[in-house]
Amino acid sequence: MTTTTLPTGNAPTTGADHGWRVAAIGLLAVRFVQGWIYWGGATRRFIYGPQKLNPHDHWMAYKFQTAMPGALLGTDHIVAYLLQHFYLLYAGLLIFSAIELIGGFMLLVGLYTRLAALATIGLSTVLMLLFGWQGATCIDEWTMASSNFAMGVTLLLVGSGAFSVDNWMLSRRPELAQKTWFRWIGGSLPLPLSDGAYKKFALILLGVAVVFILSTYNYYRGSIVTPFHGGPISPGKHHIALDHGVLNADGSVYFHAYVDAGTPATPSHVMRAVLMNSETGQVIETWGTSVLAAMPESDFQNDFAYQQFKAGKFGFFGGVGAMATIHLPSMTAGGLLPPGQYVLSLTSVNEHVWKLPIDLEK
């Protein structure tokens, strides 16, 4: 590879330049697959399944909300903010989908290949930070994001080869071979770097990839410097975090619930709630399945408009990412509870139990 003798158009290549173009041609399948992954995902929303971008349907916002429990580097707060500001949310999802559509198409045809590859690296990074923790049987989203990240880095370094729009443009306008900008964002020529500079650039990208991939893998599953573990956020077992409990003297309860783990494919059902005096062990109130299933909508003050808590056949339920302040009415006629320490426990259909200590003050 040199920076002084470069092929133009369809001119024959020799030496290092020939090897470069052979390598790029050998990566055509990688370019096609990377392009199709993003092109296919975007066309499902824009063309084949437009309901995914229809806010009056079960659209992408629901999936977006499921990312919150395990999102990295504070991106869960960004998700929550967008979910509460519809126009920013809608614009963000449209822009993300448009980048997928345009970037995927550019890779498929080899148009400004390195620029498109850089875009897919950014998309893969965002997807890793948001959804990398998900996957009930294995970390499926991590696998997809890490593979796409590596493919994007490879295409950024190597380019598109002879079978590309970049190469066609070069054949029509040979002077593009001398344009630094074209060689950086196109893909039919080597990067405008010396051998040493190119090697350093490639090693830097390798280092970024290794750190990014291994650190996220170790965080989600261990097996590198720590034993294997299921991750700080379970993608398969539902968990409901309880806080801000308020117990009234008549036995009614208000509390905040957040489904902060589990698979997005199914919601978490709560079939029984029990209020107990933690000092004496006395059961004060019990809300069974039939009572919870009949709770009115007014008993659920949901934080978001998408994944929500609501009453259902087996009690009340909420999808992953759902947050709400829930009211359990008093089931005992008359009488006031004495001040003391109490505990509210929720039991799911899978017999998982979540507890919330509540103090009833004077």
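**Salt bridges**

I started with Lys 63 and Glu 141, whose side chains meet in a salt bridge at 3.9 Å, N to O. I count a salt bridge when a side-chain nitrogen of Lys or Arg is within 4 Å of a carboxyl oxygen of Asp or Glu. Lys 63 sits in helix α3 (residues 60-66) and Glu 141 in helix α7 (residues 140-158), so this pair ties together parts that are 78 residues apart in sequence. My helices (H or I, at least four residues) and strands (E, at least two) are DSSP runs, numbered from the N terminus.

A note on what I am looking at: this is a predicted model, where local features need pLDDT of at least 70, side-chain atom pairs count only at pLDDT 80 or more, and totals for chains, interfaces and linings use all residues. Residues are numbered from 1 along each chain as its sequence is written, and side-chain values use heavy atoms, with hydrogens and water left out.

Next I checked how open the two residues are. Lys 63 is partly exposed, with a relative accessible area of 38%, and Glu 141 is partly exposed too, at 29%. Here buried means under 20% relative accessible area, exposed means over 50%, and partly exposed is in between (1.4 Å probe, protein chains only).

How many salt bridges are there by this rule? I got a count of 3. Another one joins Glu 100 and Arg 45 at 2.5 Å, N to O. Glu 100 belongs to helix α5 (residues 86-109) and Arg 45 to helix α2 (residues 28-48), so the bridge links parts 55 residues apart in sequence. Are Glu 100 and Arg 45 buried or exposed? I found both of them buried.

I also looked up Glu 175 and Arg 173, which form a salt bridge at 3.0 Å, N to O. Glu 175 is partly exposed at 39%, and Arg 173 is partly exposed at 45%.

**Helix α6**

I followed helix α6 (residues 113-131) from end to end. Its 19 residues reach 26 Å from the first C-alpha to the last, close to the 27 Å expected at 1.5 Å a residue. The expected span is 1.5 Å times one less than the number of residues. Buried residues in α6 include Thr 113, Ala 117, Leu 123 and Phe 131.

**Strands**

I then traced an open sheet of 4 strands, in the order β1-β2-β8-β5, with antiparallel pairing. β1 (239-247) and β5 (300-302) stand at the edges with a single partner strand each, so one side of each has no neighbour in the sheet. Two strands pair if DSSP finds at least two bridges between them. β5 is joined to β8 (residues 323-328) by 3 bridges, and Phe 300 has Ile 326 in β8 as its bridge partner.

Elsewhere I found β6 (residues 309-312) and β7 (residues 315-318) paired in the antiparallel sense over 4 bridges. A hairpin joins β6 to β7 through 2 residues. Which residue in β7 is the bridge partner of Phe 309? I read off Gly 318.

**A loop glycine**

I stopped at Gly 262, in the loop between β2 (253-261) and β3 (268-277). Gly 262 is buried, with a relative accessible area of 0%. From Gly 262 to Ser 252 I count 10 residues in sequence and 28 Å in space, C-alpha to C-alpha.
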